[in-house]
Amino acid sequence: MNRESRSTAAPKPVHLAVYDTFADWETGHTTAHLARAGREIRTVGPTREPVTTIGGLRVQPGLALDELRPEDSSLLILTGADLWDAGDDLAPFARKARAFLDAGVPVAAICGATAGLAREGLLDDRAHTSAVSFYLAATGYQGGERYVDTDAVTDGNLVTAGPTEPVAFAREVFGLLGVYEGEVLDAWYRLFHDSDAEAYAVLEKAGQ
């Protein structure tokens, strides 16, 4: 994949999936720092009707899922939500993730969204992680041997993470998109995950 940050053309928007019961805390680091790095964040819902997060925030999607095309995006972020484990309401988002991956466009999924991808068969042949291995095993998927017990995993164009790892999730997204790299990416993670004050100096020197 070409690192868009190295291109002279403006990068395509990052699309954040929003739906009722989505977990507010899981993608905050990711979207906030992508935006600070100059990335446009657009929300995509089941329709353009407002949705409500677990925290009770009302979000107005910028576009409906059926309007979203992989060629118009640089990344699809799928947040966790109670609805992932309450039926098939969010299955269309997993199918959209398949379309993205088939088109070579990255997908990043955290928490319950990983179970949605598992049900869609997208984790059968890719290294991945989630909340815990038996959570995904309950979906009946065939990818158990590819499960990695770690904070977050990138395999090709797919990032996965569990619900307690929003900072590691962001780290993997930044690395995949080339927003932060090398010692700057490491320092960002150490600052926001470990409260390592020395990491701040690295970021300041890099102008971040």
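What share of the 208 residues of the protein count as buried? In this predicted model, the figure is 49%. The protein holds seven helices and nine strands. Its C-alpha atoms fill a box of roughly 50 × 35 × 35 Å along the principal axes. A compact globule with 208 residues would have a radius of gyration near 17 Å, and the protein has 16 Å, so the two agree. Contacts across the sequence were also counted. Among those between residues at least 6 apart, 61% join residues at least 24 apart.

The interior was examined next. In soluble globular proteins, nonpolar side chains tend to be buried together. Here the largest nonpolar core has 61 residues. Within this core, Y19, L78 and L117 touch the most other members. Helix α5, residues 166-177, gives the core its largest share, eight residues. The surroundings of L78 are made up of residues from several stretches of the sequence. Neighbours within four places in sequence are left aside in this count and in those below. L78 is in contact with A17, Y19, F93, A97, V107, A108, A109, I110, A113 and L117. Two of these contacts, Y19 and L117, are also named among the residues that touch the most other core members.

L158 is in contact with L101, V107, L117, L122, L123, R126 and V153. A108 lies 50 residues from L158 along the chain, yet their C-alpha atoms are separated by 5.7 Å.

Helix α1 spans residues 28-36, and its buried residues are T30, T31, H33 and L34. An α-helix has 3.6 residues a turn, so residues three or four places apart point the same way. The buried residues of α1 pack against strands β1, β2 and β6. They also pack against helices α5 and α6. Just after α1, G38 takes a positive phi of about 95 degrees. A glycine with positive phi also follows helix α7: this is G207, near 75 degrees.

The loop between β3 and β4 contains T53. T53 has 6% relative accessibility, under the 20% limit, and therefore counts as buried. Its contacts are T21, F22, D24 and V59.

Charged side chains were then considered. Side chains of opposite charge can pair when their charged atoms come close. A search of the whole structure finds 10 salt bridges. In one of them, D151 meets R171 at 3.1 Å, N to O. D151 lies in the loop between α4 and β8 and R171 in helix α5, so the pair ties together parts that are 20 residues apart in sequence. Both residues are buried.

Other salt bridges involve partly exposed residues. R69 pairs with E71, with the closest N and O atoms 3.3 Å apart. The relative accessible area of R69 is 43%, so this residue is partly exposed. E71, at 42%, is also partly exposed. Salt bridges that share partners join R69, E71 and D72 into one network.

R190 forms a salt bridge with D196, and here the closest N and O atoms are 2.6 Å apart. R190 has 22% relative accessibility and counts as partly exposed. D196, with 23%, is partly exposed too.

Which buried residue has no salt bridge, with R171 as the nearest side chain of opposite charge? The residue is E165. E165 is found in the loop between β9 and α5. Its contacts are I110, D151 and H193. One of these, D151, is the salt-bridge partner of R171.

Technical notes. Residues numbered from 1 in each chain as written. Predicted model: local features only at pLDDT ≥ 70, side-chain atom pairs only at ≥ 80, totals over all residues. Heavy atoms only, no water. Core = buried A, V, L, I, M, F, W, Y, C linked by side-chain atoms within 4.5 Å. Buried < 20%, exposed > 50% of the residue type's maximum accessible area, 1.4 Å probe, protein only. Helix = DSSP H or I, 4+ residues; strand = E, 2+ residues; numbered from the N terminus. Contact = heavy atoms within 4.5 Å. Salt bridge = Lys/Arg side-chain N within 4 Å of Asp/Glu carboxyl O. Lys, Arg positive; Asp, Glu negative; His and termini not counted. Rg over C-alpha atoms; globule rule 2.2 N^0.38 Å.
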